[in-house]
Amino acid sequence: MKVLVCDDSRVMRQIVVRTLRQAGFEGLDIVEATNGAEGLDVVASEQPDLVLSDWNMPELTGIDFLTHLRARGDATPFGFVTSEGSSEMRDRAAAAGALFLIAKPFDADTFADTLAGVL
């Protein structure tokens, strides 16, 4: 199973990957992107089974990344791992087609519970 981790912070991408492993999701093929624009290219070339994206990124935000994916007919499962988790953001994410929004701080249990039905 291939997962795209999209975040402008290299450290945050590493934390997300480590947390996936700690949550018991071993053996995943991880691909990375540093913003939504790059994420669109990686989805097209790598065809991941799941996208985990930050919300706030340069060039193309996470919500714009998701909106562009859906506009071109791409139904790749998509979730946010981000620093904020207001009800407005959760509503926008769900309306755009996101499966979930995990807000920081998070731990392996949060990932295990949220991603159990996805991975």
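Two residues are said to be in contact when heavy atoms lie within 4.5 Å. The legends below describe close-up views of a predicted model.

**View 1**
K2 lies in strand β1, which spans residues 2-6. Leaving out residues up to four places away in sequence, K2 touches D29, V31, E46, P48, D49 and L50. With E46, the side chain of K2 also forms a polar contact of 2.9 Å. K2 has a relative accessibility of 17% and therefore counts as buried, since the term applies to values under 20%.

**View 1**
Strand β2 comprises residues 29-33 and pairs with β1 in the parallel sense, over five bridges. Within this pairing, V5 stands opposite E32 of β2.

**View 2. The annotated residue D54.**
The unreviewed UniProt entry carries the annotation "modified residue: 4-aspartylphosphate" at D54. In the model, D54 is located in the loop between β3 and α3. Its relative accessibility is 6%, so D54 counts as buried. Which residues is D54 in contact with, leaving aside its neighbours within four places in sequence? They are C6, D7, D8, G62, F80, V81, T82 and S83.

**View 3. The aromatic pair W55 and F80.**
A pair of aromatic rings is described by the distance of the centres and the angle of the planes. The count of aromatic pairs in this model comes to four. In one of them, the ring centres of W55 and F80 are 4.8 Å apart and the planes stand at 45°, so the pair is tilted. W55 belongs to the loop between β3 (50-53) and α3 (62-71), whereas F80 belongs to strand β4 (residues 78-82); the pair therefore ties together parts that are 25 residues apart in sequence. Both residues count as buried, because the relative accessibility is 7% for W55 and 0% for F80. Ring pairs also link W55 and F80 with F65 and F78 into a cluster.

**View 4. The aromatic pair F106 and F111.**
The rings of F106 and F111 have centres 4.9 Å apart and planes at 35°, so this pair is tilted. Are these two residues buried or exposed? F106 is buried, with a relative accessible area of 15%, and F111 is buried at 0% relative accessibility.

P105 has its place in the loop between β5 (100-103) and α5 (108-115).

**View 5. The backbone at Q47.**
Q47 is not a glycine, yet its phi is positive, at about 50°. This residue is found in the loop between α2 (36-46) and β3. With a relative accessibility of 61%, Q47 counts as exposed, because the term is used for values over 50%.

**View 6. The backbone at E59.**
E59 is another residue other than glycine with a positive phi, here near 70°. E59 is placed in the loop between β3 and α3. Its relative accessibility is 69%, so E59 counts as exposed. D54, which is found in the loop between β3 and α3, counts as buried at 6%.

Methods. Residues numbered from 1 in each chain as written. Predicted model: local features only at pLDDT ≥ 70, side-chain atom pairs only at ≥ 80, totals over all residues. Heavy atoms only, no water. Helix = DSSP H or I, 4+ residues; strand = E, 2+ residues; numbered from the N terminus. Buried < 20%, exposed > 50% of the residue type's maximum accessible area, 1.4 Å probe, protein only. Polar contact = N/O pair within 3.5 Å; in protein donor to acceptor, adjacent residues only side chain to side chain. Phe/Tyr/Trp six-rings, centres within 6.5 Å; stacked < 30°, edge-to-face > 60°. UniProt positions renumbered as here; feature names shortened; annotations may be inferred. Pairing = 2+ DSSP bridges.
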